[in-house]
Amino acid sequence: MSKRLYPKTRPSPSAAVLGLIAALAAMPAIPPVRGEEIAASARLSNLVRQDCGSCHGLTLKGGLGKPLTAESLTAWDRDQLAAIILDGVPGTPMPPWRRLLTEAEARVIADMLKEGALK
Amino acid sequence: MPKYLRRLCVLIASGMIALLIAWITTPTAVLAMNELRGTGDLGIVVERSAGSILIVDTTKRAALARVEGLGDLSHASAVFSPDQRFAYVFGRDGGVTKVDLLTASIAKRSIQAGNAIGGAIFDDGSLIAVSNYEPGGVRVFAADSLDMVADIPAIGANGKASKTVGLVDLPGRRFAYALYDAGEIWIADFSAGAEPAVTKLSNIGALPYDGNVTPDGRHYLVGLFGEDGVAHVDLWREPLAAERILNGYGRGEEKLPVYKMPHFEGWTASGDRLLIPAVGRHELIAVDLKSFKEVGRVVTHGQPVFAVARPDGRYVWVNFAHPLNDTIDVVDILTLKVVHRFRAGPAVLHMEFTPRGRDVWVSARDDDRVLVYDAATFAKKGEIAAAKPSGIFFTARATKIGQ
């Protein structure tokens, strides 16, 4: 029998699980709105990369459409970008997204683009 | 042995078994050189976010290998060498990668521009051409070395550099393409040598966004975004000239928003009519291939993006732009009716038929898989896991003009 290196008495696994549950119960509940916000911005990021990216490039470096990197957008403010997203640019292939996005979502996208925050 | 140690060993052993299973089931990187096989039933599937491609076997309905390091493949296209051994993959970042399909490795790679949209290969396989957005123009490269042999800036009559679109090869060492910003069609003829003779047709229409040639290499058609109409060049007529067809197909009605540009692809040699996507209308327009007049329309599920004909020409499979891009319509070219409509998966990006039309492969980007359907019964016959799959290209394209 090898030398016992650890104390004979130690917390049982079931005690540890109970302790964890107690700790979680004591934590303030994560507000559901924050969770939804995270899911929404993930959905919008995917939309911008994959669908806007059809014309603007997956990396937003441009294609048929102009580049949308943060450096390329310095001349535009967030509200101007949101307006372009919602109403498009008539006479060009940039369509109005008003039927598919709310004004709030357009502002979220504009913020993400200005910050270069898209993942 | 103490309980916790035994549990730890079980955990490590399970982990190792899981890794072993993953390794066995992942496509292996290299085919042994003494395994002889043909390439006629191979193809590639573009994994658009990862910058990789899968080499696929259409007989086995399976992936054989993944090749990584192809750069930005978010609007990639490919052509094949005449021996169907190599794929030339054109990436958005201006990269051209020559991939050896048998060894599943990169034979050559070059970044030739800032932003590129597509490419073509000469009829004899000696040169490839790439159409670029940035800088606008077409560049031509030796197919073996990828050394540049010609650079044709697309400066239109308005003096501005233009994005180039709709690049196709034509018989007789020629290419045709359109200038998006300038509204022109150019035909570059390399039959005399490395210095091309370029024929420029101007004022062909506003914002040509894509073009394709009929399988006989005779009729080059270019879709216009800026107006309702299509430009047509009959390449058998001298002097070369562009005419407007399907003019005013929008009938003055308000255009619907277009969330993804249609493409002129997937035409096949048979029958006397062609189905092309309308822009800003949820319709395909049927064009008679003798008169080039409209002979009917098909109302579709959404804005068509690709209308790909089955190799026998009888049916055309159509996918759509965001947000209706989970559905495929199958259209009967005789009756111009949708005979089947089904939901294939989230974000159907592309479809490709096996050469004689037995199966059709469909990419579902947001499901991370490619589905294989029986092209006659619509039964699902297989699926291949792929990371954000987009374009699907089979080696049989090597035998076809304009592909």
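Guide: A salt bridge is a side-chain nitrogen of Lys or Arg within 4 Å of a carboxyl oxygen of Asp or Glu. By that rule, one salt bridge is found across the interface of chain B and chain A. The model is predicted, so local features need pLDDT of at least 70 and side-chain atom pairs pLDDT 80 or more, while totals for chains, interfaces and linings use all residues; side-chain values use heavy atoms, without hydrogens and water. Residues are numbered from 1 along each chain as its sequence is written, with chains lettered from A and ligands numbered from 1 in the order in which they are written.

Visitor: What makes D51(A) and R365(B) a salt bridge?
Guide: Their closest N and O atoms are 3.4 Å apart. The limit is 4 Å, so the pair qualifies.

Visitor: How do you know that D366(B) forms a salt bridge with K388(B)?
Guide: The closest N and O atoms of D366(B) and K388(B) are 3.9 Å apart, and the limit is 4 Å, so this pair counts too. D366(B) lies in the loop between β28 and β29 of chain B and K388(B) in the loop between β30 and β31, so the pair ties together parts that are 22 residues apart in sequence. Strands here are DSSP runs (E, at least two residues), and helices are runs of H or I (at least four), numbered from the N terminus. D366(B) also meets R365(B) in a salt bridge, at 2.7 Å from N to O.

Visitor: Why is R365(B) called buried?
Guide: Buried means under 20% relative accessible area, exposed over 50%, and partly exposed in between (1.4 Å probe, protein chains only). R365(B) has 2%, so it is buried. D366(B) has 30%, so it is partly exposed.

Visitor: What makes a group of residues a nonpolar core?
Guide: The members are buried Ala, Val, Leu, Ile, Met, Phe, Trp, Tyr and Cys residues, joined through side-chain atoms within 4.5 Å. The largest such core has 58 residues, and Y177(B), I185(B), F190(B), Y220(B) and I276(B) have the most contacts inside it. Strand β13 (residues 174-179) of chain B gives the most to this core, with five residues. Apart from it lies another core of 20 residues, W97(A) and L118(A) among them.

Visitor: How many residues of chain B are in contact with chain A?
Guide: Contact means heavy atoms within 4.5 Å. On that basis, 25 residues of chain B touch 26 residues of chain A.
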